[in-house]
Amino acid sequence: MILGLRSKIIPLPDHKLGNIKLGSVTKDAICHRPCRVRCSHSTASSMEEAKERIRETFGKIELSPSSYDTAWVAMVPSRYSMNQPCFPQCLDWILENQREDGSWGLNPSHPLLVKDSLSSTLASLLALRKWRIGDNQVQRGLGFIETHGWAVDNKDQISPLGFEIIFPCMINYAEKLNLDLPLDPNLVNMMLCERELTIERALKNEFEGNMANVEYFAEGLGELCHWKEMMLRQRHNGSLFDSPATTAAALIYHQYDEKCFGYLNSILKLHDNWVPTICPTKIHSNLFLVDALQNLGVDRYFKTEVKRVLDEIYRLWLEKNEGIFSDVAHCAMAFRLLRMNNYEVSSEELEGSVDQEHFFTTSSGKLMNHVAILELHRASQVAIHERKDHILDKISTWTRNFMEQKLLDKHIPDRSKKEMEFAMRKFYGTFDRVETRRYIESYKMDSFKILKAAYRSSGINNIDLLKFSEHDFNLCQTRHKEELQQMKRWFTDCKLEQVGLSQQYLYTSYFIIAAILFEPEYADARLAYAKYAIIITAVDDFFDCFICKEELQNIIELVERWEGYSTVGFRSERVRIFFLALYKMVEEIAAKAETKQGRCVKDHLINLWIDMLKCMLVELDLWKIKSTTPSIEEYLSVACVTIGVPCFVLTSLYLLGPKLSKDVIESSEVSALCNCTAAVARLINDIHSYKREQAESSTNMVSILITQSQGTISEEEAIRQIKEMMESKRRELLGMVLQNKESQLPQVCKDLFWTTINAAYSIHTHGDGYRFPEEFKNHINDVIYKPLNQYSP
């Protein structure tokens, strides 16, 4: 019984799935279209070229120009004359980069970035007016502010960080420069009052921590800022918070600081006459690039480059580099990527974000955006220790609660809403290829992120990444369609419908493994895994409902006598059909495994089946027929075998590629991985199948706990206890999978155990997938049948 699920569904004709005809083009249909994806020589060459261009982006990623930050740098006076700009080239850039509508900002812009455009435009106008140039550009900019001033307090617009502090400050500065802004006076007064209240609260002693929250917006404090104290936060690169705008403000309001000048000059040496909204960008950009490659499902093509990046991030992590640890979002993302890629990192480094109050009173204001919250929550999901990772548990709780409250806000932008909803889903409870497709479909070359100004990254959001990931997805999909056709022929040849299995189950069984172990090179392992799932389900149904005890014993004797099965005989036609299907499958898989391993492993495969069948007989004879209630230990020792994990996972290991010696397969490491995986799969099954198995008089962990407590434990309490056991085992498993020291097992083999748990969680996240709900039909279509065509050349 694969992961405790079974095929008891209403049989339907072969040409239908539910009420949907195969080949129809309705939304819910599973589309049986012939393969249209072809990899011509020119296409292959084009993809290789795209791959090389992507490879070249590592270490060369640039952020888009920031009109807002460039304007602040342009306002810095010369060291030698307060009446001359220190960086006149920035003024030239502002004059040359006004948009047609009179505004400045991200180019191209976005309908939700009107506030960002207002902020960038006002900053640019201040720079031009301060140095008394560009009168025509100033008038056009004022025209934009007049026609778009409605967005200042519009809650549907995305606000740059600190907008409520910085924008009113710039309004005050405009008044000092005799720049008459065409804004509603009532709106201006309201913003000025709100700004004063925010600053007043931050400056009070009892809100001392909150002062850190506005320091990143120091240009919005102006002369109210304690600039001398602020300079104590200056970083080694000479900046304040890696922000060109804040660093420029320090030179405007405070003093001539050589390190600040050096920082700004170093940026302008790179970009000539403009600055980005954050610099340096290497850590920031490389983290996001690695994350994007993984989300797009193509990181396997860039293993060398990804490892080089992560090695460098790990080195900086160990050195406690301020580029990582001064930014919560960077720190959380680095922690997640490093841990999930087998680097040893401690969650103690995230202690500053252990609870909501602590986070908001100790983080720099730059970190108080939803990106930091999202990254913290994602990081909290990769806990592997019960005690050492208690910090992650606390972070998970408050970030989830925070996002749930945010989602109640009807004004939350749809973009932010989707990001939060996705982040709140457990990463181990989703089908990888389903999420990859969604990511590719939502991938925009003009997508943006926002700090004090909106920005894009040319290396992370580009046409090569989109084309390459889409092409790779379609190639994998082509392989999956071909494999599913093989599965259908095998299913028909084995006459499995005659033993009670619906062909619907074939789709689901194959999809579950193809959606997680998707790479073309793992075809043999994928097919073996799916076939085992089907055959194990058939024998589980035999033991549960369909045949008598004598027939079950007949099956066991046939397997035990394997080479001489013909001398045993079949007690029924269904036993004959089942055993011959099992025999042919194991023989075929054993032959492929021998080719890959260089040794015969058939005896091991047969023994795995014997162990499982005998445990199934125990479940039937002792627990069901004789109504014996086992102890928890007795139950798990048997049920963790009948769940099928040892059988199909250990068999599939032989087909992944790496050669595995008998000693490795029989090692304590493999045994621990297998036991842990089986325990989690069994407990997941028991929680979700309790009601059904109770009605069938089958033994279940929930019923055992309730019975042994003699009525002192309720059903809810029993389920709670099982969930705690399950979570503990899940973490233990993830820890073993990510452990490098003293591990004999290749990573791809360890990953298969985690893949199996991912499948188990994913099945139950979407309901009982083997009962073929509508959502599963959609997933099968998306992963196996519907090509991606986001990019149209």
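Good morning, everyone; the protein I am presenting has 34 helices and 4 strands, where helices (H or I, at least four residues) and strands (E, at least two) are DSSP runs numbered from the N terminus. This is a predicted model, in which local features need pLDDT of at least 70 and side-chain atom pairs count only at pLDDT 80 or more, while totals for chains, interfaces and linings use all residues. Residues are numbered from 1 along each chain as its sequence is written, and side-chain values use heavy atoms, with hydrogens and water left out.

Let me begin with burial. Of the 793 residues, 58% count as buried, meaning under 20% relative accessible area with a 1.4 Å probe and protein chains only. Among contacts (heavy atoms within 4.5 Å) between residues at least 6 apart in sequence, 73% join residues at least 24 apart.

Which residues have the most contacts inside the largest nonpolar core? That core, a set of buried Ala, Val, Leu, Ile, Met, Phe, Trp, Tyr and Cys residues joined through side-chain atoms within 4.5 Å, has 130 residues, and the ones with the most contacts inside it are Leu496, Phe511, Tyr532, Trp609 and Phe753. A second, separate core of 77 residues includes Ala74, Phe163, Leu268 and Tyr455.

Phe511 is found in helix 22, residues 503-514, and is buried, with a relative accessible area of 0%. Not counting residues up to four places away in sequence, Phe511 touches Phe431, Val434, Phe776, His779, Ile780, Val783 and Ile784. The C-alpha atoms of Phe511 and Arg433 are separated by 9.9 Å, although these residues are 78 apart along the chain.

Now to helix packing. Helix 25 (residues 573-597) and helix 26 (residues 602-625) have axes that come within 9 Å and cross at roughly 145°; such axes are lines fitted to C-alpha atoms over the stretch in contact, and the angles run from 0 to 180 degrees between N-to-C directions. Leu582, Met585, Val586, Glu587, Ile589 and Ala590 in helix 25 meet Lys602, Leu605, Ile606 and Trp609 in helix 26. Trp609 is also one of the residues with the most contacts inside the largest core.

Lastly, helix 2 (residues 67-74) and helix 10 (residues 244-253) pack at an angle of about 20°, with their axes 8 Å apart. The two helices are therefore roughly parallel to each other, a term for angles under 35 degrees. In this pair, Tyr68, Asp69, Trp72 and Val73 of helix 2 meet Pro244, Ala245, Ala248, Ala249, Ile252 and Tyr253 of helix 10.

Technical notes. Buried means under 20% relative accessible area, exposed over 50%, partly exposed in between (1.4 Å probe, protein chains only). Angles under 35 degrees count as roughly parallel, over 145 as roughly antiparallel, 65 to 115 as roughly perpendicular and the rest as oblique.
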